[in-house]
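This report describes the architecture of a protein model, from its core to its interfaces. Please consult the sequence and structure shown below.

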Amino acid sequence: MRIIDLLTRSAAARPKTTAIVDRDFKLSYGRMFEAVETLASRLTAAGCKSGVRVAIALGNSAEYLVSFFAISAAGGTIVGLSARMTPSEVARLVERAGVSIVITSKAYAKRLADSLDTAGSITMLLVQYETGGKLDIEAAASGPPRRIDERNCDVALMVPTSGTTGRPKIVMLTDNQLISNLAVYRLLMGFGSRNVVYCALSFHHIYCICAQILTHVSLADTFVVSDTPFFIKDFAKSVERRRLTATAFVPYMAILLADFAEPQQFDLKSLKYVTLSGARTPVSIYRTLTNKYPWVNFINTYGMSEAGSRISIASPFPSRFPPGSVGSPMPGVNVKIVDDEGTDLPFEHRGQILVKSSGVMKGYYQQADLTAQTIVDGWLRTGDLGKLDEKGNLYILGRTKDVIITGGENVCPQEIEESLIEHPGISEAAVVGQKDRLLGEVPVAFIVANSRGEKLSQADIVKFCKAKLSSHKIPRFIRFVRKLPKLGSSKIDRNALRKMAGNSHSLMS
Amino acid sequence: MNTGKTEPIERSEIIERLSEILEPWVSDTDSIEKIGEHTNLITDLGLDSIGVLQVILGAEKEFGISIDEQELESETFSLMGNLVGIIESKLYENN
């Protein structure tokens, strides 16, 4: 079964059901399927077939969802990007992932023009729904597809995940890996029929792709798409106006909902399912949510790009799970906890979480060594620290890697460091996460300036970063130091920096 | 900088100071130069969720006020003129 088959079935069964509400524009499953077929034939004409990679650089929109399924229909590999990324990030990933075709909007194509060399090698399709509901497709650049990478023709989706600038990690997932436990997930969530689903997460996140796009397309549910920043009042209005039943949140959205002072001003009673993932939602916030909105099922779940579909879920009957846990492993997913030597640990012992399932990725693109270090004897080393209790509930307790999770986005500190040291006035840079109540963590940069950087200000550095990095990767705090703490001769002592970060002063002050 | 609540600040000055706060979080440099009352922070400047939180934090520090995120929604927040209005109301609410 392929991704496109999920839509084909739903469109055949429920052609008249509304698939997408994007601002005031509505699209039925029948019309969505027609648009997917139209775009798929344009992609085929542009050379898309098995093994050809097609990137989507759009914001959350009806056009994004149509493009997602059209690439699958044309037999290509989806490379999920976002218009929230900077043009230089998109260009880098297009190059890195060997993308032949980019689907984007007119506005973003204009911004992309300076970063992406479209001369002869990239085909660019600009898609936009016109007022009458017709999908307008315009070819802005065309080039022959790159040579097919025969070994990876079975890859349905490539997901960039945190990594360094030079070698961003790109997770490869096949159709089976993505769909493997979709049916079980639906069953455990207990989704009834006719859900109205609010999409606040960016469509390129694996959490959104599995827990929302694939799941709810397979149920022929209605998506309410939002490309605006997340405001809790917008969400409450949307629940009332659209009779929303389900959504997926990362912790800062859950915190805003828990803090929401005026829920009684809105009719939120239609809301039944809110999944919580992306990072650990604080237990106090979880308790507030369940007390304040007792009619809603708040469901902790755990997943990561490398594991494909979901790993664990605190459902059915979320109240039966300890609030600090992310539930129990899904049927078909094996989880174990190991120590530094790889030895299995008993219940209640803290160690690295390992996962084995049919959803685990095929590997990282063009990083065979890293793949071999990450998947050992079929077990995916998640890099997350956790424990299992004697009932089999899984708890996330930290990370073995340096990854910073800010607002549900994973950020590799080395990527920020590499961007910083490109500045001629900076000789060394190190980035760590600092705790933040709302976003979980925010990146903090420690900078050693050289003689050319004597007059560098925090604002100069932020300006320099913004051309290269998405906003969530720009250091929120910057500290100038004479030297960086090191372990031995070269390795940066990140623990020492994390302690120092506690005293950072805000950029805004 | 913390500003006293009794001294009125011109709207144009608020816009100017907000532009400086916004600049790091806006990827399109050209658009920052054209900021005015009618600039849409979301569609014209492309501010995302984290950008919004940063700008709120920045405005709070710059003007010595407290903005409750819960009061905000995309319709009222998105226009520069509206954000200026929110800041003015906070600056003078105790007068």
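Which residues have the most contacts inside the largest nonpolar core?

## Basis of the model

The model is predicted; local features need pLDDT of at least 70, side-chain atom pairs count only at pLDDT 80 or more, and totals for chains, interfaces and linings use all residues. Residues are numbered from 1 along each chain as its sequence is written, while chains are lettered from A and ligands numbered from 1 in the order in which they are written.

## Nonpolar core

A:V36 and A:V54 have the most contacts inside the largest nonpolar core, which has 197 residues. A nonpolar core is a set of buried Ala, Val, Leu, Ile, Met, Phe, Trp, Tyr and Cys residues joined through C-beta atoms within 7 Å. A residue is buried if 20 or more other C-beta atoms lie within 10 Å of its own, exposed if 12 or fewer, and partly exposed in between, with C-beta atoms placed from the backbone.

Beyond its neighbours within four places in sequence, A:V54 is in contact with residues including A:L43, A:C48, A:I71, A:V79 and A:I103; contact requires C-beta atoms, placed from the backbone, within 7 Å.

## Surroundings of A:T44

A:T44 belongs to helix 2 (residues 29–45) of chain A. Helices (H or I, at least four residues) and strands (E, at least two) are DSSP runs, numbered from the N terminus. A:T44 counts as partly exposed because it has 16 C-beta neighbours inside 10 Å.

Apart from neighbours within four places in sequence, A:T44 is in contact with A:K49 and A:A74. The C-alpha atom of A:T44 is separated by 17 Å from that of A:D149, 105 residues apart along the chain.

## Domains of chain A

Chain A comprises domain 1 (3–13 + 27–153), domain 2 (177–399) and domain 3 (404–501), with bounds from an automatic or database domain assignment. The C-alpha centres of domain 2 and domain 3 of chain A lie 29 Å apart. Their contact takes 6 residues from domain 2 of chain A and 6 residues from domain 3 of chain A.

## Chain B and its interface

Chain B has 5 helices and 0 strands. Of its 95 residues, 34% are buried.

In the interface, 23 residues of chain B are in contact with 28 residues of chain A. On the chain B side, helix 3 (49–63) and helix 4 (74–78) of chain B each give two or more residues. Helix 3 of chain B provides the largest share of that side, 9 residues.

Conventions
Two residues are in contact if their C-beta atoms, placed from the backbone, lie within 7 Å.
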